Amino acid sequence: MRVPSYNGELLHLSEDLARRLLPAFDTPTGIPYGSVNLLHGVDENESKITSTAGGGTLTLEFGVLSRLTNDPVFEEVTKNAVRGIWARRSKLNLVGAHINVFTGEWTQKDAGIGTSIDSFYEYLLKAYLLFGDEEYLFIFQEAYGAAMNYLFNDPWYVEVNMNSAAIVWPLFNSLQAFWPGLQVLAGDIEPAMRTHTAFFSVWQRYGFTPEGFNLATSSVQHGQKSYPLRPELIESTYWLYKATRDPRYLDAGRDMLASLQYGARCTCGYCHISDVECHKQEDHMESFFLAETVKYLWLLFDLAAGPDNLIENGPYKYIFSTEGHLLPATPQISLVREHCSYYGAYCEGLEVRPESHASAIPSDRQDANDSRLYRIEGRPRFQSASTFLDSASVSGLIKGVCPGLTHAQRFGISYQALTNRIHVDKPDQREAAINQGHSLLVISSSFAEHKSSSDNNDGNGDSSEEI
């Protein structure tokens, strides 16, 4: 839906915020600091220790921002952070929980799928699904294989030393509960179902999942008795129901909803449970309860009622961020490096930016923290993967978008053939163009007859899974 009065104001604010975060990436390893002052940059006393999840869970948001602003710097720094982490993996292809962003030394070598590591795995797969970058897929396949080989103690997962695979903690922690949902996206359904059954048995036992459950003693881990309204188990329940349509997951959703209603409901909302054994409430509600926990419950039951919703029948496929935000796989986001005859792709040519939405950070503040990668003027652009349309008229570009595209075309809402837009003189050039085709290809009427062969010979394909 297009809002006539909207002119990209939120995107400008997002870009400004991201530029204020960029100094955090100015480290020898490329792995960012854990925090940065939005006005002054990184404090000289800032800790050089960060978590694997913190350093590797920025690719989706920053990648989308790069594609919407036509500035690759955001995507580049986050990809370098992932590379920095993965380059320091053990010989077993395991990563630890905390790392020094300057020396690259692991300060906590416990490998697991939960606390401090969880979303690193998640964003490897989702970055591939959203952007189609096979480097992320390769890393995910290696990392996932290692996790299943060394961490999976069917149906549970344990924490091990990243170098020796010796068990460190025989512990289920609540953040692990996202894993079955990730396995659904990866197509590994059977172990996902077994693990979900085990995790849900803990919920049934206490009415909630504690932060830590000791597998050796089958009891709540000391000091980890709370349930801060986390969404992970509900999220996996939704994905498994979506994949299997097995009514047991609806039953699980009803049980979890009942627990929240009767155990966590309080006067002004829903309360943090400080002790799952006695259901003691604490006057606190995390924002992710509304952003994720309730959202995934709604999606679960709405899916059971029918597919008539945005996720199932919207104009795009969607990837969920780790905070439950919907990122649409629009051509502008997912096909930015493809041929410029795609909806929403960028033509080569002079970039025209009528105004610079630069950070409000004073220049002297910026100089202290920024590197040459963070310059706003004269920044690099995403380039088309092909150059056979160089002769096409691209005058009047605004932020690199072909001037002839309508709003519907730019965002891939409908398919239509355009006439007199693309001229290809040589047969071999025509064949090259067709072989790079996609189901959202905008073509001239003279090319319409080739659409079916384009779909069959797609070399790149649609990288997003149906979700």
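Begin with residues 413–467, where pLDDT stays under 50 and the model has 90 contacts beyond four places in sequence. This is a predicted model. Next select residues 339–405: here too pLDDT stays under 50, and the model has 148 contacts beyond four places in sequence. Where pLDDT is low, the predicted coordinates should not be read in detail. For the protein overall, mean pLDDT is 80, with 72% of residues at 70 or more.

**The nonpolar cores**

Select Tyr121, Leu130, Leu151, Trp179 and Leu260, which have the most contacts inside the largest nonpolar core, a set of 93 residues. Helix α5 (residues 118–131) supplies the largest share of this core, 10 residues. Then show Ala18, Leu22, Phe62 and Phe74, which are included in a second, separate core of 10 residues.

Which residues does Tyr121 contact, leaving aside its neighbours within four places in sequence? They are Val95, Gly112, Ile113, Phe140, Ala143, Ala147, Leu151, Trp179 and Leu182.

**Helix α9**

Select residues 232–244, the 13 residues of helix α9. From first C-alpha to last, α9 reaches 18 Å, close to the 18 Å expected at 1.5 Å a residue. Colour by accessibility: 11 of the 13 residues of α9 are buried, so the helix is largely enclosed by the rest of the structure. Among the buried residues are Glu232, Glu235 and Lys242, along with Leu233, Ile234, Tyr238, Trp239, Leu240 and Tyr241.

How values were computed: Residues numbered from 1 in each chain as written. Predicted model: local features only at pLDDT ≥ 70, side-chain atom pairs only at ≥ 80, totals over all residues. Heavy atoms only, no water. Core = buried A, V, L, I, M, F, W, Y, C linked by side-chain atoms within 4.5 Å. Buried < 20%, exposed > 50% of the residue type's maximum accessible area, 1.4 Å probe, protein only. Helix = DSSP H or I, 4+ residues; strand = E, 2+ residues; numbered from the N terminus. Contact = heavy atoms within 4.5 Å. pLDDT = per-residue confidence, 0-100. Expected span 1.5 Å × (residues − 1).
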